[in-house]
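This briefing sets out selected features of the structure shown below, grouped by topic.

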Amino acid sequence: MLNIVVLVSGGGTNLQAIIDAASSGEITNTRIAGVISNNKNAYALERAKNHGIKSLSISPKDFASRAEFNKSFLEAVDGLKPDLLVLAGFLVVIPPEMIERYRNRIINIHPSLIPSFCGTGYYGLKVHEAALARGVKVVGATVHFVDEGTDTGPIILQKAVDVEKGDTPETLQRRVMEQAEWKILPQAIDMLANGKVKVESGVVKVVEDDN
């Protein structure tokens, strides 16, 4: 059984997609051990409580230094004994010591087809604003492992979504969520829970069934 901890800053739509997929059997061999948010008012915490999932808030704003926050944050994560950390719209930089401790056990969902529209400054609606400003015809989402860079870790899954005439950043964001994010994030978790993913030389390899 894979113990996962979901880290989220806002409404938690990707968290809800994980909860729903686990309930329906789309995600197997997985238990949501907890949800952590840096925002005590995040609706994601309500989603967790509504499903009987342990939740807690821990914010850098409540600490005198980032080093103190990082220490408490890592302790909170360790206390939930996760096998996998899932960043589902988490807008806090992951401490290097956490990345090292959970090497290839932290995944993130990013609302673009990496390497396009990713890296520092590209999050939320900013990604979709940039895509529309560039005039691209296809966007999408990526699930990747987290390393010391920003959106630079090994890619697990990607799914493309067409840009439609008249799209706004808001309509494009919603379609990318519905058609890509909410599908490939649960799929990636299920693959990891069932030993279908390994990293070799910085590249993800999908382990095929023997039969």
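D83 is found in the loop between α3 (66-79) and β4 (84-87); helices (H or I, at least four residues) and strands (E, at least two) are DSSP runs, numbered from the N terminus. The model is predicted, so local features need pLDDT of at least 70 and side-chain atom pairs count only at pLDDT 80 or more, whereas totals for chains, interfaces and linings use all residues. Residues are numbered from 1 along each chain as its sequence is written, and side-chain values use heavy atoms, with hydrogens and water left out.

**Surroundings of D83**

- D83 counts as partly exposed because its relative accessibility is 31%; buried means under 20% relative accessible area, exposed over 50%, and partly exposed in between (1.4 Å probe, protein chains only).
- Apart from neighbours within four places in sequence, D83 is in contact with M1, L2, N3 and R105, where contact means heavy atoms within 4.5 Å.
- Between D83 and A33 the C-alpha to C-alpha distance is 9.5 Å, although the two are 50 residues apart in sequence.

**Pockets**

- Pockets are found on a 1 Å grid over the protein atoms alone: a cavity is a set of points where a 1.4 Å probe fits but cannot get out, and a pocket is an open set with protein on both sides within 12 Å along at least five of seven lines. Lining residues have an atom within 4 Å of a point.
- The largest pocket holds about 890 Å³ of space; grid points are joined across faces, edges and corners, and a volume is the space filled by probe spheres set on the points.
- This largest pocket is lined by 38 residues, of which G89, F90, L91, N108 and Y123 are the closest to its centre.
- Two or more lining residues of the largest pocket come from each of α1 (13-24), β5 (106-110) and α6 (169-193).
- The lining of the largest pocket comprises 15 nonpolar, 19 polar and four charged residues. In this classification Ala, Val, Leu, Ile, Met, Phe, Trp, Tyr, Cys and Pro count as nonpolar, Asp, Glu, Lys and Arg as charged, and the others, Gly among them, as polar.
- The second largest pocket has a volume of about 170 Å³, and its lining consists of N38, N39, K40, S57, S59, P60, K61 and D62.
- By class, one nonpolar, four polar and three charged residues line the second largest pocket.

**Nonpolar cores**

- The largest nonpolar core has 43 residues, and I107 and I156 have the most contacts inside it. Such a core is a set of buried Ala, Val, Leu, Ile, Met, Phe, Trp, Tyr and Cys residues joined through side-chain atoms within 4.5 Å.
- Helix α6 supplies the largest share of this core, 10 residues.
- A second, separate core has 21 residues, including I58, F69, L80 and F90.
- Beyond residues up to four places away in sequence, the residues touched by I107 include L84, L85, V86, L87, V143, F145, I156 and L185.

**Aromatic pairs**

- Four aromatic pairs are found in the whole structure. Rings of Phe, Tyr and Trp (its six-membered ring) pair if their centres lie within 6.5 Å; planes under 30 degrees apart count as stacked, over 60 as edge-to-face and the rest as tilted.
- F63 and F69 form an edge-to-face pair, because their ring centres are 5.9 Å apart and their planes are at 65°.
- F69 and F73 form a stacked pair, because their ring centres are 5.2 Å apart and their planes are at 15°; both residues lie in helix α3, four residues apart, about one turn of the helix.
- F69 is buried at 0% relative accessibility, F73 is buried with a relative accessible area of 0%, and F63 is partly exposed at 24%.
- One aromatic cluster is formed by F63, F69, F73 and F90.

**Backbone geometry**

- Most residues other than glycine have a negative phi, and most peptide bonds are trans.
- The peptide bond from I114 to P115 is cis, with omega near 20°, and P115 is found in the loop between β5 and α5 (125-134).
- N104, in the loop between α4 (96-101) and β5, has a positive phi near 60° and is partly exposed, with a relative accessible area of 32%.
- S201, in the loop between β8 (197-200) and β9 (203-206), has a positive phi near 55° and is exposed, with a relative accessible area of 80%.
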